[in-house]
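Dear colleague,

Please find below the structure I promised to pass on to you, together with its sequence. My notes on what I found in it follow directly after.

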Amino acid sequence: MTERPGRRRFPRPRLAPPRRSSFTGIDRRPNEDCAPALDAAFAQARTRGLPLRAVHTWHYPAMPAGGLGCAPAMWVPDDWRDAQRDALEQALAPLRKQYPDVDVTEDVHIDMPARALIAASTDAALVVLAAHRNTGRFGPNLGRVTHALLHHAKAPVLLVPVDH
C-alpha cells in the first residue's frame, strides 16, 4: 500500500482493558434513602452482565485527646464494624431477592467516603451514587462526596436523585 503525500498514518487507539465490575457507594446510614440508587445499581449490573460491588465507607468519630482538640481513635470496637456490615446487609437483602442473578460483593471500609470511593472507581465500569439534594438553596446542591466523585472518579458516574 502506497502512502499519499501529505497524509499521515495515525496509530490505532488501544482499547482500555475491560472493567471488572460496577459498584455503588452506600450512604453512611444505609436506609430507604439509598434504595433508588441501589435499585439502579442492581439494574445496571444485570444489564451489563457485571458483578456488583457495594461499597460502604464510614469514619469513626474523633476521640477527646486531652487539652484542646480531638485526635482520631487508634482502634475501632468490633461491634461498630459489625453494625456497619449488618446495616449494609439489610440494605442489600431485598434487592438480592429481586435480582438473584446479580453477583454482589459487600465491601466495608473505615475511611473518608470520597477517598475510598474514588479508589474503588479505578476498576469499575460504572459508579452509581444517590444524589442527595437539599432543597431551599440555589444550584444543584450536591454533597461533598458526590462532587468529589464527579470530578475524580475513574469511571462514569450515574447519579440517582433523592429528594429530602
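Valine 128 counts as buried because its relative accessibility is 1%, and its place is in strand S6. Although valine 128 and glutamine 44 are 84 residues apart along the chain, their C-alpha atoms are separated by 8.9 Å. Please bear in mind throughout that this is a predicted model.

Valine 128 also belongs to the largest nonpolar core, which has 21 residues, and it is listed with Leu38, Phe42, Leu52, Leu92, Val102 and Val104 as touching the most other members. Two or more residues of this core come from each of helix H1 (35-48), strand S2 (52-58), helix H2, strand S6 (124-133) and strand S7 (157-163), and H1, with six residues, gives the most. Another core, of 12 residues, lies apart from this one and includes Val55, Ala124, Val127 and Leu149. As a general point, nonpolar side chains in soluble globular proteins tend to be buried together.

Helix H2 deserves a paragraph of its own. It covers residues 78-98, 21 residues in total, and from its first C-alpha to its last it reaches 31 Å, close to the 30 Å expected at 1.5 Å a residue. Which residues of H2 are buried? They are Gln84, Leu88, Ala91, Leu92 and Leu95. In general, an α-helix has 3.6 residues a turn, so residues three or four places apart point the same way. Between arginine 81 and tryptophan 58, which are 23 residues apart in sequence, the C-alpha to C-alpha separation is 9.4 Å.

Turning to helix H4 (residues 144-152), you will find threonine 146 there, and with a relative accessibility of 8%, under the 20% limit, threonine 146 counts as buried. If its neighbours within four places in sequence are left aside, threonine 146 is in contact with Leu129, Ala130 and Leu159.

As for the chain as a whole, it contains four helices and seven strands, which follow one another along the sequence in the pattern β-α-β-β-β-α-β-α-β-α-β. Of its 164 residues, 35% count as buried, and the chain exposes about 11100 Å², of which carbon and sulfur atoms supply 55%. Among contacts between residues at least 6 apart in sequence, 75% join residues at least 24 apart.

Finally, some words on confidence. The mean pLDDT of the chain is 77, with 64% of its residues reaching 70 or more. Where pLDDT is low, the predicted coordinates should not be read in detail.

With best wishes

Terms used: Residues numbered from 1 in each chain as written. Predicted model: local features only at pLDDT ≥ 70, side-chain atom pairs only at ≥ 80, totals over all residues. Heavy atoms only, no water. Buried < 20%, exposed > 50% of the residue type's maximum accessible area, 1.4 Å probe, protein only. Contact = heavy atoms within 4.5 Å. Expected span 1.5 Å × (residues − 1). Core = buried A, V, L, I, M, F, W, Y, C linked by side-chain atoms within 4.5 Å. pLDDT = per-residue confidence, 0-100. Areas by Shrake-Rupley, 256 points an atom, 1.4 Å probe, with all protein chains shown as cover.
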